[in-house]
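Here is a short report on selected local features of one protein chain. Please keep the structure open while reading.

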Amino acid sequence: MAKKMWAGRFQKATDTAVNDFNSSLPFDCRMYKQDIEGSIAHSTMLAEQGIISKEDAESIREGLLSILEDINSGNLTFDSDAEDIHMFIEEELTNRIGDAGKRLHTGRSRNDQVALDQRLYLVDECCDILELIDDLVNALISIAYDNLETYMPGYTHLQRAQPITYAHYLSAYIEMFLRDQERIEAAAVRANVSPLGSGALAGTTYPLNRARVADILGMSDVTGNSLDGVADRDFAIEFASAASIFMMHLSRLSEELILHSSQEFKFIELDDAYSTGSSMMPQKKNPDVAELTRGKTGRVYGDLVSLLVIMKGLPLTYNKDMQEVQESMFDVIDTIKGVLVPFTGMIRTMTINSERMEEAALGGFTNATDLADYLVRKGMPFRETHAVSGKLVHYCIENKTTLEKLDLKTLKEFSEFFEEDVYEAISLETCVNKRVIPGAPAPSAVKEYLDSLIVSE
């Protein structure tokens, strides 16, 4: 077993069980690229400040790049005896270049090194996640453009309420996902601050140029307090919070896709490539992608709660509990990325049953509000029109018909205000197309909204 770099204080080797329990390499090894980037930036700055020689800095750089190449190619595997990815890379570097490798850690602690690596890793992953959400949003935009005049019922309390279009419906989720992108991007911006130079907790006496390291790494600033620099994991919690809200939105859409693809609704049909069958019932076509997405939302919520609970009682500064932050943060990242690819594929390939949607809109008396508004325009007070419209709905239910199928004579039995123009006023097209204010479901309003998204890109 490799000797620990901190072993000088100890007279006994670490117990094997403790070593296994303490090791974070099995999960933090994924940050090898960020660890190497951070170390190259740190050694470059050390040489520029005259703390180590330029020759040593160049040896460190070449050695680290060779390690990166070997890990990427599979020629170098992680040593299970290593305590973490940071110690593994430093030990491997020293084995390759000798004493120059031992100078890399000058003016640095694993405490600020770990915090840096986590921030760099999170920023990189946020970029990937934002691109995946872009793919989903673009898929929804494309379907929305194709369904500007696909009429469907809008719901409150899961009861048919008023007619809208499928484009308008999808635009609601587009809005949610755009807000999610803003939150995730904001979390990445706040994470993109360098803690390196905070040391173990109290900085260092070496004349480090912290801003130079941040600049090399493309980070926007440096942390303002060395205690907070190593103790802060807000960036992981904020990301998990934004991710939880995003998963909540995905889960809501999943629930509706599950409902809409059922035989009871038949609004959509999911493609065979994104559905599964039953081992017993040959007729089944199950929306497993949507169901798993709905289920994995709880997993991300659990990770957020874990992060909050881990951090809630920790005194300043670093405590080993914080090692657990990484696994929860990684799990959120993996879960979201794992969900988005099949989910977007499911969205892109689903079939829209526009006839069934329109039938549902007509059969659910979704034009009853417009009937009342029609009477208001004829001069009747709204409260009276509401009552008349409600009585007509009841009459239709009793007689198994719909409002637009009632003849004028029957309508006049409920109010003399009705005229021939009522049929145009309560048609689905009129009910939707006259709602033209920004954010409303009229095809012209929705198209203007969708066009604005394309322009903004």
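Helices (H or I, at least four residues) and strands (E, at least two) are DSSP runs, numbered from the N terminus. Leu-158 lies in the loop between two such strands, β1 and β2. The model is predicted.

**The β1–β2 loop**

Strand β1 covers 151-156 and β2 covers 159-165, with His-157 in the loop between them. Leu-158 sits in that loop too. Most residues other than glycine have a negative phi. His-157 has a positive one, near 55°. Leu-158 is not a glycine either, yet its phi is positive at about 60°. Are these side chains buried or exposed? His-157 counts as exposed because its relative accessibility is 76%, above the cut-off of 50%. Leu-158 is exposed as well, with a relative accessible area of 55%.

| Residue | Phi | Relative accessible area |
|---|---|---|
| His-157 | near 55° | 76% |
| Leu-158 | about 60° | 55% |

**The α12–α13 loop**

Helix α12 spans 288-311 and α13 spans 323-349; Leu-316 is found in the loop between them. Thr-317 has its place in the loop between α12 and α13 too. What kind of peptide bond joins Leu-316 and Thr-317? The bond is cis, with omega at about 5°. Most peptide bonds are trans.

Leu-316 also has a part in the surface. Its relative accessibility is 63%, so Leu-316 counts as exposed. Together with Leu-201 and Leu-227, Leu-316 makes a nonpolar surface patch of about 270 Å².

**Packing of α7 and α8**

Helix α7 runs through residues 110-146, and helix α8 through residues 166-191. The two pack at an angle of about 165°, and their axes lie 9 Å apart. That angle makes α7 roughly antiparallel to α8, because angles over 145 degrees count as such. The crossing of α7 past α8 is left-handed.

Leu-450 belongs to helix α20, residues 443-456. Its relative accessible area is 0%, so Leu-450 is buried; the cut-off is under 20%. How far apart are Leu-450 and Asp-370 in sequence and in space? They are separated by 80 residues in sequence and by 26 Å in space, C-alpha to C-alpha.

Definitions and conventions: Residues are numbered from 1 along each chain as its sequence is written. This is a predicted model: local features need pLDDT of at least 70, side-chain atom pairs count only at pLDDT 80 or more; totals for chains, interfaces and linings use all residues. Side-chain values use heavy atoms; hydrogens and water are left out. Patches are made of residues with over 30% relative accessible area and no salt bridge: like charges are joined within 9 Å, nonpolar side chains (Val, Leu, Ile, Met, Phe, Trp, Tyr) within 5 Å. Accessible areas come from the Shrake-Rupley method with a 1.4 Å probe; for residues, only the protein chains shown count as cover. A salt bridge is a side-chain nitrogen of Lys or Arg within 4 Å of a carboxyl oxygen of Asp or Glu. Buried means under 20% relative accessible area, exposed over 50%, partly exposed in between (1.4 Å probe, protein chains only). Axes are lines fitted to C-alpha atoms, for helices over the stretch in contact, and angles run from 0 to 180 degrees between N-to-C directions. Angles under 35 degrees count as roughly parallel, over 145 as roughly antiparallel, 65 to 115 as roughly perpendicular and the rest as oblique. A crossing is left-handed if the near helix is turned anticlockwise from the far one by less than a right angle, and right-handed if clockwise.
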